[in-house]
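Me: I'm new to this one and I'd like to know where the labels come from. Can you walk me through it?

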Amino acid sequence: GLFVTDYFTRTPRKLSPFRSFASIELFHFHIPEDTVIAVWNLITFKEQGGTFGDQCPDRSITVYFRSGAPSVINPLHTHFPRDTAVPGSFALTLTWTLPNRTTGVFNVTSPLPGDWFLAAHLPKDEGKISVKGLYEECQYLFQPQLIVQRLVNIAVLYPGYVTEQSMAPHNRSCLYKVFVPSYTSRVLVEVLRCRGAEGCPLWLRVRAKAPPLHNSTALDCREHALCQLALELPFWQHWYYVLVERHPGAPGTVSFQVTVQLTDCSRPSLARPPFLPSSASMNMPHSFGSAGGLVLGDSPPPTGPNSTKRPLAVSSASPAAERCWPVRPTLRNELDTFSVHFYIFFGPNVSVPPDRPAVFVINLLPVLDSGGVLNLELRLNVSSLCGENVTVFGCLNHEVPLTSSDNASVTCETESLAGFLLSVNATASLSRLRIPYPQTGSWYLSLRSFCATEHGFEPCTNVTAEVYLRAYLSPCINDCGIYGQCKLLRTNNYLYAACECKAGWNGWGCTDNSEAFSYGFQLLSTLLLCLSNVMFVPPVAIAVRSHYLLEAAVYIFTMFFSTFYHACDQPGIVVFCIMDYDVLQFCDFLGSLMSVWVTVIAMARLQPVVKQVLYLLGAMLLSMALQMDRHGLWNLLGPSLFALGIMAIAWTARSIRRRHCYPPTWKRWAFYLCPGALIAAAAVLLYAFVETEENYFYIHSIWHLLIAGSVGFLLPPRAKPGGHLGPLPRRKGCGYQLCVNEQEELGLVDPAVASINSICTS
């Protein structure tokens, strides 16, 4: 055949350590039909400071692949919520082959067509809280590329027609495809009039949706007089691929014919037996006519009307594929993104008769519905059982309905079909099923009632069970509970939802409490973070006593908003918010920076007018900086360095003018400035290098204590009444030289309690 190669790529993205599904990077691809091989080229490289990160540590990268919907991953091995079905996916771990770059390859032969999703993440880290911009962070960038090779002009088989083929010696195989419409109960593929040098040296392989593989349904025509494959319960509205393959080493040309027969169960004249009840007796409205769609049931497969050769009968492999039952549609009601309710006509109470199943279809839209959670709930009305030991079984299957058979073994699986089983009875009257990230398309729910006996389950007689049925699509499982937040995420044009847990809770629905914080621990952490701000009371008292009223107002502002910000910022249930979280955070950050700013400016001992202008200018500039980037390093470092520069200039000018170091006494340096500076430096080091998510509540509380304590040491004493900080003013009168106490100017004592004992000479 003729092959066509297509190439797809995605923009590189920065990977994050895994905490929840909200921290992964998701990539969406679309594989066309008739693809014989798909190759993903997985490129990963390091960056640090805009250059290659050769010095960055090697961290393994895990990549997940899934067809139809995003992967449901669990790298931390947490517990899933009850009644949750976990679909499988492929996983691949990339290791580093070069200092700053590595490449991995993932091949899929004959992949399923449609949407494919890749999810990638780094291993979980220790949760260190780093200050943004303090150092160049190592970034791990991931870029997937897809190369597909697909066949064009594949021969199409038409049901009931015979296709003749001659396979030359240099050809190994012939590939065909046939479309299977809805309400098809059986597919029969047959090879006729096979002639070769050694009998019929052919393999017959059949597979749905994609070309067959080595492990697909196969038949060796040499070992069977009739080379035919019968597939029960085929997928509806899909292509089936038929591969006729020559045995290795078989010589000469092989000629044969291929034909396909489909058993159609939607035509009453062909598949509906005469005793099939009317639509009214099936709890269907008369306006629906003869039940539009039908599900598989108990009648022999008919022969297609267009066959040129009547196919030989093959015994049915599944009792469920012998009768046709009506399929009841559901009404889709979209409330919001991933919030869809599926209503049943004349429901939600459903009658399940004893002699036939009740079948419903739920249609999920492509791409749009695969990012949420499909929820199903069955509740049995026990009063409708009339005292009988009745159990109602439900089978939820994708793309084809499957009814429970009339025997002791109740299952929702066949050799080629897997489903989900639900059951309700008088003891357990409620059953739930949750499917995160469901595959889109048609989901069929088949309800069947059985009575429990000594020999297992048998069909009931004269008991019609009533079941309350609820089906809906939600963003997250139970909205992530009280210890999680359901987040709506986007990758390019694809939307999906995931839970982000807090307070030590984990799991897909934030229900795993193996590492959860206790209520006492949450209360203790909240009290520590809030009450540690009481340490600002001594600086406020010192500022008021020294007549630094503006500074005292800033400290009170900081203490108030820091207390209530941390009361609102807690991850658990011990939370108290007096206003919007974003407002509290902004005010807390602004108060912290303004406290540093006004303290250092006050230490500079500037003229009152200059000091007030700097206070107002600092408030405006800090508000602007916080609005631009609230967590940046320069938001804290920039104002601090600028204020320290102003203080250094003022102190240097005063020292030059006086020809003496300012402050001039060792006591001021030893008992006030040096301890205050050391305490502030220790607080900054703890904040920048020690704080992690695990120790946050007590390290950050220590930060509050140290910062408030340093303010009490660094705040200068009360300025002299004149407010002049220049040379000592000297006034002459009556032949004496009047002097002002120099100790006040040097900042050693409080002028309110000190006596003037300077010696003045005439």
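Me: What makes Arg-332, Glu-334 and Asp-369 a network?

Reply: Salt bridges link Arg-332, Glu-334 and Asp-369. A salt bridge here is a side-chain nitrogen of Lys or Arg within 4 Å of a carboxyl oxygen of Asp or Glu. Bear in mind that this is a predicted model, where local features need pLDDT of at least 70, side-chain atom pairs count only at pLDDT 80 or more, and totals for chains, interfaces and linings use all residues. Residues are numbered from 1 along each chain as its sequence is written, and side-chain values use heavy atoms, with hydrogens and water left out.

Me: How many salt bridges turn up in the whole structure?

Reply: The search finds 18.

Me: Why do Glu-137 and Lys-14 count as a salt bridge?

Reply: Their closest N and O atoms are 3.7 Å apart, and the limit is 4 Å, so the pair qualifies. Glu-137 lies in the loop between strand 9 and strand 10, and Lys-14 in strand 2, 123 residues apart. Strands are DSSP runs of E with at least two residues, numbered from the N terminus, as helices are (H or I, at least four).

Me: Why is Glu-377 called buried?

Reply: Its relative accessible area is 7%, so it falls under the 20% mark. Glu-377 meets Arg-432 in a salt bridge at 3.8 Å, N to O. That pair joins strand 26 to strand 29, 55 residues apart. Arg-432 comes in at 36%, so it counts as partly exposed.

Me: What about Lys-209: why does it count as buried?

Reply: It has 18% relative accessibility, so it's under the 20% cut-off. You'll find Lys-209 in the loop between strand 15 and strand 16.

Me: What makes the Lys-209 and Glu-399 side chains a polar contact?

Reply: They are 2.7 Å apart.

Definitions and conventions. Buried means under 20% relative accessible area, exposed over 50%, partly exposed in between (1.4 Å probe, protein chains only). A polar contact is a pair of N or O atoms within 3.5 Å; within protein, one must be able to donate a hydrogen and the other to accept it, and residues adjacent in sequence count only if both atoms are side-chain atoms.
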